[in-house]
Amino acid sequence: MISSTASSILRRAVTRLPAPTIGAVRNLNLHEYQSAKIMSDGGVNVPFGIAAHSVAEAIAAAKEIGDEEVVIKSQILAGGRGLGTFKSSDDTGDGLQGGVHIIQTSEVESYASRMLGHTLVTKQSGPEGKPVNTLLLAKKMSLAREFYFAIMMDRASGGPLIIACSEGGTSIEDLAESSPEKIIKVAVDPVDGLTDAQAEEVVVGLTASGDVEAAKDQIKALYKVFVDRDCTMVEVNPLAEDYDGNLIAADAKIGFDDNAEFRQADVFAQRDPSQEDSREVAAGKWDLNYIGLDGDIGCMVNGAGLAMSTMDIISLNGGKPANFLDVGGSATTDQVKAAFEIITSDPAVKAILVNIFGGIMKCDVIAAGIIEASKELDLKVPVIVRLEGTNVDIGKKLLEDSGLSLITADDLDDAAVKAVAAIQ
């Protein structure tokens, strides 16, 4: 998942592309302290920091850092932490402002108590916020300037794109909108890799004042992390410069391609499911592709394209889809049952539309899953079923003989009309 900041800049500073299609993609994101460790291992300069999972660990970490002041950072998978607001799980917290603070070491216990175990709401987290289960205690750095730096995959250039700006920090989104000419864009050939000339172009564009060769080495190190770790994004905001002219990754955000899990096992072992939608986590365990939306008609479809079409037709008929759920081409009865469990875990769902075109996926397998799920889960919402393709007659016969109150449809439009009517 690309961060809000990076995607905002990409939209404004790069040639506008067609809206992305929701597909069968789940990308891993790590916390700042985890990303910083990966960057450090790759030769990137990062501030010294220690992760803490309890108040006692936070106090010990600050003591180990040994300074009068320390930076305490909430670890959540959302941007805008510095301007966020805390709430407790029951909304009775003291509303601490900000998820990142520079404080006296003597204040660590107080701040850690008000941050750990509470929920931080930011402009990128959504109103529900994200739970803070970990804090990063970091050494306070003397920084002279702040830049913005990111690497992500760019469809237009067909490879990695470096996005950088000589002005970084929390206002980068506003700058990208008001002064897009200040954004540096360097497309990197995925075969040739980052050249020395391109690294220098980035350094010059950042207006770094220190040793050019050392700065180029930092840009190259960041790019090497991007390639070697199968990243979808590396974002440093801010990429800072100290008073000696050294570049330092004062923040770290990395996203990883889930297709590379087999060769990045150590990275994927660090996944934090508490930061993800529990339904998406459950779907991943069953090899299903689920994205929660804000409608009231649940969708279970095979194939991303058909799923998008299904959601479109529901909308055209006056309904609102509650989710994207692709069961794939070889789902089992148990997977179909799991899909129903995930869909019905959303209290907003008032009806479920099942739209299956059987190619590799067989309609009788889907039908058997629907029947089993309906019986075991005691579904309280109407289920509209449209089947077509391999073993469709067998599937329809299973549904007819099941004795269940299922609503069958002849085609997709008919199914959408009946789904919308079922909730009115």
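What follows is a walk through a few parts of this structure, from a helix and its neighbours out to a sheet, an aromatic pair and the cysteines.

This is a predicted model, so local features are taken up at pLDDT of at least 70 and side-chain atom pairs at pLDDT 80 or more, while totals for chains, interfaces and linings use all residues. Residues are numbered from 1 along each chain as its sequence is written, and side-chain values use heavy atoms, with hydrogens and water left out.

Let's start with helix α12, residues 363–377. Helices here are DSSP runs of H or I with at least four residues, strands are runs of E with at least two, and both are numbered from the N terminus. How far should the 15 residues of α12 span at 1.5 Å a residue? The expected span is 1.5 Å times one less than the number of residues. That comes to 21 Å for α12, and its end C-alpha atoms are 21 Å apart, which agrees.

β16 pairs with β18 in the parallel sense over five bridges (strands pair if DSSP finds at least two bridges between them). Ile297 stands opposite Ala351 in β18.

For antiparallel pairing, look at the open sheet of three strands ordered β4-β6-β7. β4 (85–87) and β7 (130–131) sit at the edges with a single partner strand each, so one side of each has no neighbour in the sheet. Three bridges link β4 to β6 (residues 119–121), and Thr85 has Val121 in β6 as its bridge partner.

Now for the aromatics. The structure holds one aromatic pair, and it is stacked: Tyr223 and Phe226 lie 6.3 Å centre to centre, with 25° between the planes. (Rings of Phe, Tyr and Trp, the latter by its six-membered ring, pair with centres within 6.5 Å; planes under 30 degrees apart are stacked, over 60 edge-to-face, the rest tilted.) Both residues belong to helix α7 (residues 212–228), three residues apart, about one turn of the helix. Tyr223 is buried at 8% relative accessibility, and Phe226 is buried at 4%.

Arg263 sits in the loop between β14 (253–256) and α8 (265–268). Is Arg263 buried or exposed? It is exposed, with a relative accessible area of 54%. Its side chain makes a 2.9 Å polar contact with that of Asp230 (N or O atoms within 3.5 Å, one able to donate a hydrogen and the other to accept it; residues adjacent in sequence count only if both atoms are side-chain atoms). Arg263 and Arg229 are 34 residues apart in sequence and 8.9 Å apart in space, C-alpha to C-alpha.

Finally, the cysteines. Cys165 is buried at 0% relative accessibility, and Cys231 is buried at 6%. The whole structure has zero disulfides, a disulfide being a pair of cysteine sulfur atoms within 2.5 Å.

Key
Buried < 20%, exposed > 50% of the residue type's maximum accessible area, 1.4 Å probe, protein only.
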